[in-house]
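I opened this notebook to keep a plain record of what I looked up in one structure, entry by entry. The sequence and the coordinates come next, and my notes follow them.

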Amino acid sequence: MEEQDLSNYRKVYNKKELLIKDTPENPLELFRTWFLEVDQHFLEDETNAMTVSTIGLDGYPKSRVVLLKRYTYEGFIFYTNYQSEKGKAILANPNVCLSFFWPKAERQIIIKGVTEKIAENLSDGYFESRPRGSQLGAIVSHQSEVIESRDVLDSKLKDLEHSYEGKDIERPDYWGGFIVKPVELEFWQGRPNRLHDRIRYKLEDNFDWKKERLSP
């Protein structure tokens, strides 16, 4: 492979600033403000796309993009196959990292947190709201397992479509939601000359949030 020099790739960041005096005491309020601004004004594609990083059973970290489906003052909820590589990693080590990058807004949020399964009735409710094809897909795919070909998936899907014709599709017990309860959030706003704004919130023992400015 021919070597490629990327040292001349540069972007100027100058759209916004993030001053600690303008930030709320609770980081989830700032997350909500940023999310809505990005979604409504910067028109990012899939504003709710986030990277989930876990420590795998092999000891290596691994990151992948998933979709955030709900956020509350308690945490951030997404859905997956519990028996997938990601699911097994989380169940073995619930400490994860989430990250959002919104290039049009020149913003990034990095979240450390502890993950738990959500209540089964909440997973049931979300599964019922999914398109029928997505419901069947959750059953067809043994996520992260090696398969012989794409044809295997397509064949299984056709068989399931036939067997579930005219029937409701129940959520399989190996598929459901996780909530990431944050212990640290860092908000990054791009600024000129690479002197970016970084504000970190850390959860203290008394459950208050401590705010700090970090050097870029």
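Which residues is Asp197 in contact with, leaving aside its neighbours within four places in sequence? I am working from a predicted model, and in it I found Asp197 in contact with Glu17, Leu18, Phe187, Trp188, Gln189, Arg191 and Arg213.

**Entry: Asp197**

I placed Asp197 in strand β8, which runs over residues 197–203. I noted Asp197 as buried, because its relative accessibility of 5% falls under the 20% cut-off. I then looked at its polar partners and found a polar contact of 3.0 Å between the side chains of Asp197 and Arg213, while a polar atom of the Asp197 side chain lies 2.7 Å from the backbone nitrogen of Leu18.

**Entry: overall layout**

I looked up the secondary structure and recorded five helices and nine strands for the chain, which follow the pattern α-β-β-β-β-α-β-β-α-α-α-β-β-β when read along the sequence. The C-alpha atoms fill a box of roughly 60 × 55 × 40 Å along the principal axes. Of the 216 residues in the chain, I noted that 37% are buried. When I turned to contacts between residues at least 6 apart in sequence, I found that 64% of them join residues at least 24 apart.

**Entry: the nonpolar cores**

I recorded 29 residues in the largest nonpolar core, where Phe31, Met50, Phe76, Phe78, Leu98, Trp102 and Phe187 have the most contacts inside it. The elements that give two or more residues to this core are α1, β1, β4 (76–81), β5, β6, β7 (175–189) and β8, and α1 gives the most, with six residues. Apart from this core I found another, of 14 residues, among them Ile77, Ala138, Leu160 and Ile179.

I then listed the partners of Phe78 and, not counting residues up to four places away in sequence, found that Phe78 touches Met50, Val52, Val66, Leu67, Lys86, Ile90, Gly176, Gly177, Phe178 and Val180.

**Entry: the annotated binding site**

I checked the UniProt record, an unreviewed entry, and it places the feature "binding site" at Arg10, Lys11, Val12, Tyr13, Lys69, Tyr126, Arg130, Ser134, Arg194, Leu195 and His196. These residues are spread over 187 residues of sequence and are also spread in space, up to 43.5 Å between C-alpha atoms. Of these residues, I found Lys69, Tyr126, Arg130 and Ser134 in the lining of the largest pocket.

Val12 is found in the segment before α1, and I put it down as exposed because its relative accessibility is 59%. The place of Tyr13 is also in the segment before α1, but Tyr13 is buried, with a relative accessible area of 15%. Not counting residues up to four places away in sequence, Tyr13 touches Glu106, Trp188, Gly190, Arg191, Pro192, Arg194 and His196.

**Entry: positive phi angles**

Glu106 has a positive phi of about 55° although it is not a glycine, and I located Glu106 in the loop between β5 (95–102) and β6 (107–117). Glu46 also has a positive value, near 50°, and its place is in the loop between α1 (27–42) and β1 (49–55). Is each of these residues buried or exposed? I noted Glu106 as buried, with a relative accessible area of 2%, whereas Glu46 counts as exposed at 52%.

**Entry: helix α5**

I compared the span of helix α5, residues 150–163, with expectation: at 1.5 Å a residue its 14 residues should span 20 Å, and its end C-alpha atoms are 20 Å apart, which agrees. At the N-terminal end of α5 I found Ser149 as a cap, with a side-chain oxygen 3.3 Å from the backbone nitrogen of Asp151.

**Entry: Phe207**

I located Phe207 in the loop between β8 and β9 (209–214) and noted it as exposed, with a relative accessible area of 65%. From C-alpha to C-alpha, Phe207 and Arg132 are 41 Å apart in space, and they are 75 residues apart in sequence.

Key: Residues are numbered from 1 along each chain as its sequence is written. This is a predicted model: local features need pLDDT of at least 70, side-chain atom pairs count only at pLDDT 80 or more; totals for chains, interfaces and linings use all residues. Side-chain values use heavy atoms; hydrogens and water are left out. Helices (H or I, at least four residues) and strands (E, at least two) are DSSP runs, numbered from the N terminus. Buried means under 20% relative accessible area, exposed over 50%, partly exposed in between (1.4 Å probe, protein chains only). A polar contact is a pair of N or O atoms within 3.5 Å; within protein, one must be able to donate a hydrogen and the other to accept it, and residues adjacent in sequence count only if both atoms are side-chain atoms. Contact means heavy atoms within 4.5 Å. UniProt positions are given in the numbering used here, feature names are shortened, and annotations may be inferred rather than shown by experiment. On a 1 Å grid over the protein atoms alone, a cavity is a set of points where a 1.4 Å probe fits but cannot get out, and a pocket is an open set with protein on both sides within 12 Å along at least five of seven lines; lining residues have an atom within 4 Å of a point. The expected span of a helix is 1.5 Å times one less than its number of residues. A nonpolar core is a set of buried Ala, Val, Leu, Ile, Met, Phe, Trp, Tyr and Cys residues joined through side-chain atoms within 4.5 Å.
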